[in-house]
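Please read this briefing alongside the sequence and the model shown below.

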Amino acid sequence: MKKGEAFLGIIFVSFSALFGALGYGLYQSGRSSVGASQWPIIVCTIIFFGSIVVIVNAFRVKESKSNLQLSHEEKRVFISIFLLIMYFISVVFIGFFVSSLAMLYTFIYYFGKFKWYVNFVFSLAITSITYFVFSYLLKVSFQFGVLF
Amino acid sequence: MIIDALLLALQPSVLLYMFLGVAGGIFIGCLPGLTTTMGVALVLPITFGMDAAHSILLLIGVYVGAVYGGSISAILLNTPGTPASAATAIDGHAMAARGEAGRALGISTISSFLGGIISCFFLILISPYLAEFALQFSAPEFFMLAVFGLCIISSISGRSVLIGFLCGAFGVLIATIGIDDISGVARFTFGNINLFSGVNFIPVMIGLFAMSQAFVAVEEMTKEGRLEAKKVTRVLPLKEDWRMIFKNSSIFGTLGTFIGSIPGVGADIASFIAYGQSKSLSKESEKYGTGVTDAISAPESANNGVTGGALIPMLTLGVPGDAVAAIMIGALTVQGLQPGPLLFQNNTEVVYAIFIGLLVANVFMLCIGLSSVRLFTRVLIVPKSVLTPIIFLLCFVGSYSLANNFFDVIVMFIFGVFGYFLKKIEVSPSPIILGLILGPMAESNFRRALLMSRGEYDTFFSTGISWFFFILILISIFFPLLKKVISKLKSAN
């Protein structure tokens, strides 16, 4: 079985079933004028049946037994995803500059082999340049959190 | 009109942005792991505050620079900076290994320049006529065109035709979220006010192309050894190379432009086709792989030929030639311009400024390439451990700055993780973006055609143009399947 393709098929089936049901509900409620629900239903139908074919094909293919455990590299990606979620939360509650500085320091420390002060200088410089360019030159508002 | 366009494209600030764009593009292109699409996606948010000319010409600069920049690391490190330079690495690095790195880079630079210029001339010659022809299209023809764009892109851009189609259809489905333009009904918004205006495709693009690529870079971090580039002395081809460069550039620059104008076929495919054709035309085909000059010139002129070619369907029909052209559609849309035939009527000066800008960007590329390659070889030592967190930060800032809305960051992140998953199972995320772009075009024209014909479906086959696109749709669907069957039969024999 090709697990990845089967999983992708399941994602698509779920989406098409959900959107198809909602589209049908829209049609039945009478709130939909000409075609507002017709187009999504057509697309959902195509995705639904196509995804079932993908799932069936994925189960039919014999793949050599793969290890279910994540590799060291994949673990690092998942840790990065987790750290980024933490970063997004901290941006909202703490502030953009401080959170970005902390995020960059953490990642460069995690990925690289620099001395702590080199790491800090890199992080501070990158955050400051980004903040300056986007906040002052491009007028992007970073009004987040208790700090800045 | 031409004078207006010249004044627009040759403003000192526009020239400066283009120069920086080309330099930035070469920087992005020569770093292995950073793709052209990722580079353009990361630069896009910077253009939000600019006017149309500054914005699109900066992106064109990055595009031209990045396609060329990939050849630097391909030749010096045997590691293509972008997939489009993979064919160049074969003979380019072989030449560098025998101490001819400067000559190889010179051939690559001049060929890229000539390929880009040729594609630019085709863009200037063909686009106005194609746009004029497209003015004859009404709703059924535009619907057929959008479906054709979706079919061809999906069938080409992945290892599985079906999964490609499904990804494209998934993009179309995502595009239906929000208030329906015709009826005003809220569709699939789940009561979330952020979804009322739909899912903006710019955060989706940043997620799928930049964030997901950064995750791939995280995964490959330990595989990165110390990069040792070959030393470069003089970046110029030899006297005897010039004839070969002009010959190859005229043939493969034209080929690249033609390939680039087909929606979904990008610079990577063009460069490999050019490499293969050059080999089959050569009298010394057995020497390919050992450092043959033609094998550098052909793919480089073809991949830069794609830059102008990809803009032809984008500007004239509103159908992106490749993922970078899709991002440029985003940039034009943000500026309130709608790519397509009407762009040539309503914003002629912007269109001609794009033509002039593409020419100027190629000149900048030539100047920077010949004078500063040694500087860019230093870029190759920037560690991924610093570069990847910067990309994370730029993805956040880029998606947020679109509308100062944190919801866009969440969308970017979700699609970034999804894009990483797709890359893990070797599925191209490009059809999703193209579905998002072509979906609204397909839907609005589908419904408009039905409204005009009072529900008669045969309106989609009422004109010769519709039939033409319908035949192309059938070919694009069945050709990959037919190819598979033929190759299976061949292998069985």
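How many residues does the contact take from chain A, and how many from chain B? The contact takes 48 residues from chain A and 45 residues from chain B, two residues being in contact if their C-beta atoms, placed from the backbone, lie within 7 Å. This is a predicted model, in which local features need pLDDT of at least 70 and side-chain atom pairs count only at pLDDT 80 or more, while totals for chains, interfaces and linings use all residues. Residues are numbered from 1 along each chain as its sequence is written, and chains are lettered from A and ligands numbered from 1 in the order in which they are written.

**The side of chain A that touches chain B**

- At least two residues of this side come from each of α1 (3–28), α2 (38–60), α3 (72–93), α4 (96–111) and α5 of chain A, where helices are DSSP runs (H or I, at least four residues) numbered from the N terminus.
- The helix that gives the most to this side is α2(A), with 10 residues.
- By class, this side of chain A has 31 nonpolar, 11 polar and 6 charged residues, with Ala, Val, Leu, Ile, Met, Phe, Trp, Tyr, Cys and Pro counted as nonpolar, Asp, Glu, Lys and Arg as charged, and the others, Gly among them, as polar.

**The largest nonpolar core**

- The largest nonpolar core has 204 residues, and B:L59 and B:I433 have the most contacts inside it; such a core is a set of buried Ala, Val, Leu, Ile, Met, Phe, Trp, Tyr and Cys residues joined through C-beta atoms within 7 Å.
- Helix α4 (residues 52–77) of chain B gives the most to this core, with 18 residues.
- Domain 1 (3–60) and domain 2 (72–137) of chain A each supply at least three residues of this core, the domain bounds coming from an automatic or database domain assignment.
- Leaving aside neighbours within four places in sequence, B:L59 is in contact with residues including B:G21, B:V40, B:M328 and B:A331.

- The C-alpha centres of domain 1 and domain 2 of chain A lie 39 Å apart.
- A:F142, in the segment after α5 (116–137) of chain A, is partly exposed because 19 other C-beta atoms lie within 10 Å, whereas a residue is buried with 20 or more and exposed with 12 or fewer.
- Not counting residues up to four places away in sequence, A:F142 touches A:F96 and A:S135.
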